[in-house]
Amino acid sequence: NNEITITLSMLSSIFVILAPADVTPPITRMEVIGPQAQMEARLYVSTSAFISFVSTDPVSGRTPTGVMRTEYAIDDLSRFSLYENQFTLSTGAHTVYFRSQDRGGNVEITQSSQVNVDGLSPEIIITSPTAGGTFIAKKDLIRISFQVNDNYDPAPSTSAFLSKSVSSNTIAVTNGQEIEPLSIPSGYWSLTVHAADFVGNF
């Protein structure tokens with residue numbers, strides 16, 4: 001019988017390993033940079049605060065493809081814009097909508113956040129002493145009385161002081177305080193009140 005023998009010096013095979021497809025959408029969160037406050041689960045920011053977004057493409061047993069784009073809309077779901085830089089909001093209540101898409105075509109479910117933008121300073125009303133008032137020692141008391149109201153902050157921070165005309169003399173005072181005229185130098189004095197709300201408006 002005729003026999004043919006072939007000697008193989010090397011065996012090789014070519015194969016491809018396919019990674020599972022990325023089917024997980026990105027996760028986006030909104031961040032506020034600047035003056036802000038939380039009250040009763042509501043977010044308040046100043047007009048100088050910036051809104052930004054941070055998005056990641058999670059790893060969940062598959063190979064992530066990476067975030068391709070993030071877009072947002074202010075109050076109107078029909079008007080999304082590509083997010084490129086942080087931005088500010090005008091005074092008032094707003095709903096910020098946002099979502100991201102990865103390079104695998106997965107689109108995140110639209111998220112939303114309620115943002116109340118406070119651009120108003122607290123209102124200060126001084127009720128005592130009245131302008132032009134005169135106080136006589138051992139007869140009158142100088143009563144310090146003022147009100148501070150704010151559109152959002154129920155308890156703005158306050159400070160008050162008496163300052164003497166043509167002088168650098170100042171005396172720190174508090175709301176409701178009563179002062180005996182003899183306890184301060186005679187002369188013309190004025191009351192100044194400062195107030196700031198929880199996002200820094202003053």
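**Figure 1. Contacts of Asp197 in the predicted model.** Set aside the neighbours within four places in sequence. Asp197 is then in contact with Asp118, Leu120, Pro122, Asp150, Asp153 and Pro156. Asp197 lies in the segment after β15 (189-196). Is Asp197 buried or exposed? Its relative accessible area is 6%, so Asp197 counts as buried, the cut-off being under 20%. Asn151 is 46 residues from Asp197 in sequence. In space, the two are 9.3 Å apart, C-alpha to C-alpha.

**Figure 2. The largest nonpolar core.** This core has 15 residues. Which of them touch the most other members? They are Met30, Phe53 and Val115. At least two residues of this core come from each of β1 (27-33), β3 (42-46), β4 (50-56), β7 (92-102) and β8 (111-118).

**Figure 3. Contacts of Val115.** Again, neighbours within four places in sequence are left aside. Val115 is in contact with Met30, Leu43, Val45 and Leu89, among others. Gly92, Ala93, His94 and Val96 are also in contact with Val115.

**Figure 4. An open sheet of six strands.** The strand order is β2-β3-β8-β7-β5-β6, and the pairing is mixed. Which strands stand at the edges? They are β2 (36-39) and β6 (81-82). Each has a single partner strand, so one side of each is left without a neighbour in the sheet.

**Figure 5. The pairing of β7 and β8.** These two strands run antiparallel. Seven bridges join them. Val96 stands opposite Ser113 in β8.

Key: Residues numbered from 1 in each chain as written. Predicted model: local features only at pLDDT ≥ 70, side-chain atom pairs only at ≥ 80, totals over all residues. Heavy atoms only, no water. Helix = DSSP H or I, 4+ residues; strand = E, 2+ residues; numbered from the N terminus. Buried < 20%, exposed > 50% of the residue type's maximum accessible area, 1.4 Å probe, protein only. Contact = heavy atoms within 4.5 Å. Core = buried A, V, L, I, M, F, W, Y, C linked by side-chain atoms within 4.5 Å. Pairing = 2+ DSSP bridges.
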